Amino acid sequence: MLFPRTLRTFCTFCTFRTFQTFPIVRALKVLAFGASLACLPLSSAHAAQDDVTIGFIVKKPEQAWFINEQQAATQLGEKKGFEVVTLSGVDGQEVLSAIDNLHSQGAQGFVICPPDVRLGPVIKRRAEQYDMKVVTVDDRFLNAEGEPLQDIPHLGMSGYKIGQQVGNALAEQIEARGWNMDDVAALRITNYELPTAKERTDGATDALLNAGFKKDNIFDAPQQNTDTSSAFAAASPVLSKRGGFKHWVIFALNEESVLGGVRASEQYGLASEDVIGVGINGSGAAFAEFSRENPTGFFGTVAVSSTMHGRDSAQNLYNWITSGEKPQANTQTTGTLMTRDNWKQVREELDL
Ligand code: FCA
């Protein structure tokens, strides 16, 4: 085994050297360098309309919300005649190589939902090195002081308001079912590292408290991530520890996490009628749950158009690249409560 590999390395080296010193190749390299110099002003001026490539990097490429966002951006690109390269960025390392990859494809910018908002300054710096424009979608970059990076245009949910819609939906259901507030506990699946998550769970908490929910009956289940399995892992011990309650309401930053809580309640042995879970997003995860023959504890979700998030963030970036018009600093979107009864109609209305 050793010999062939050494031989191969040696041959590659010889071929490379020979290739490098061959006069025609050298001449071609000079020409290529000249051509790239001639192209240089293009990258600093506004790109020609038919020559635009943008990236769309997401933190959870397997989740329906992000699949839909990337698809909507791709479709817009096909319609408008620019290329959208969809990439996964599950951690800092992957995001940085995605940006390198985009640069090698000649992209002029990218939309990103970062895996960790504190990576903002690093991502911004890498983009600047390549003279690329950046806009964030869903989760907004933070600086070292924990403040939003104001100069990076952002499009995301109006988190607190949408959280209030969740809390109101839960309170209405508690009332509709005639439950006594003393018997109801709330499983609040939290992610306080992520401001978009905190805004949403704060909004839901305040709405519940306003409706007369008991503060002492709210129990936190801090999740490490924003997906179903981390929510399940966070929820299970809380349910076992607080076994004394007849009924539970469940809320979190998104429906994937609420589903984790609902699955944990099933495993713990709670009947579906004793659980009300209300999520946020309105994506494939919720549609699958509403399509089950027997209702589960997942009552509803506040749906926001991921199609619009994907399309508008890509459009904003495209406009910025082609006409120099910088998108507004912070665009906030609204939501609609989606339940088993209306999900197909809301899905259509939101173009999902
Ligand atoms: C965050 C959540 C996603 C989605 C998005 C708008 O990134 O993790 O599920 O709610 O905000």
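Is Phe213 buried or exposed? In this predicted model, Phe213 is buried because its relative accessible area is 4%, and the cut-off for buried is under 20%.

Start with its position. Phe213 sits in a loop, with helix 7 (195-210) on one side and strand 7 (218-222) on the other. Leaving out residues up to four places away in sequence, Phe213 touches Ile174, Met181, Val184, Ala185, Ala186, Leu208, Ile218 and Val249. Ala171 is 42 residues from Phe213 in sequence. In space, their C-alpha atoms are 7.9 Å apart.

Now turn to empty space. Rolling a probe the size of a water molecule over the atoms shows where such space is left. Across the whole structure, a search finds two cavities of 30 Å³ or more.

Take the largest cavity. Its space comes to about 110 Å³. The lining has 14 residues, and Lys59, Phe66, Arg200, Asn254 and Asn281 are the closest to the centre. Helix 3 (64-80) and helix 7 are the elements that each give two or more residues to this lining. By class, the lining of the largest cavity holds five nonpolar, five polar and four charged residues.

The second largest cavity has a volume of about 30 Å³. Val135, Thr136, Pro153, His154, Leu155, Ser313, Asn316, Pro327 and Gln328 line it. Strand 4 (133-137), strand 5 (154-157) and helix 11 (306-323) each supply two or more of these lining residues. In the lining of the second largest cavity, four residues are nonpolar, five are polar and none is charged.

Key
Residues numbered from 1 in each chain as written. Predicted model: local features only at pLDDT ≥ 70, side-chain atom pairs only at ≥ 80, totals over all residues. Heavy atoms only, no water. Helix = DSSP H or I, 4+ residues; strand = E, 2+ residues; numbered from the N terminus. Buried < 20%, exposed > 50% of the residue type's maximum accessible area, 1.4 Å probe, protein only. Contact = heavy atoms within 4.5 Å. 1 Å grid on protein atoms, 1.4 Å probe; cavity = no way out; pocket = protein on both sides within 12 Å on 5 of 7 lines; lining within 4 Å. Points joined across faces, edges and corners; volume = space filled by probe spheres on them. Nonpolar A, V, L, I, M, F, W, Y, C, P; charged D, E, K, R; others polar.
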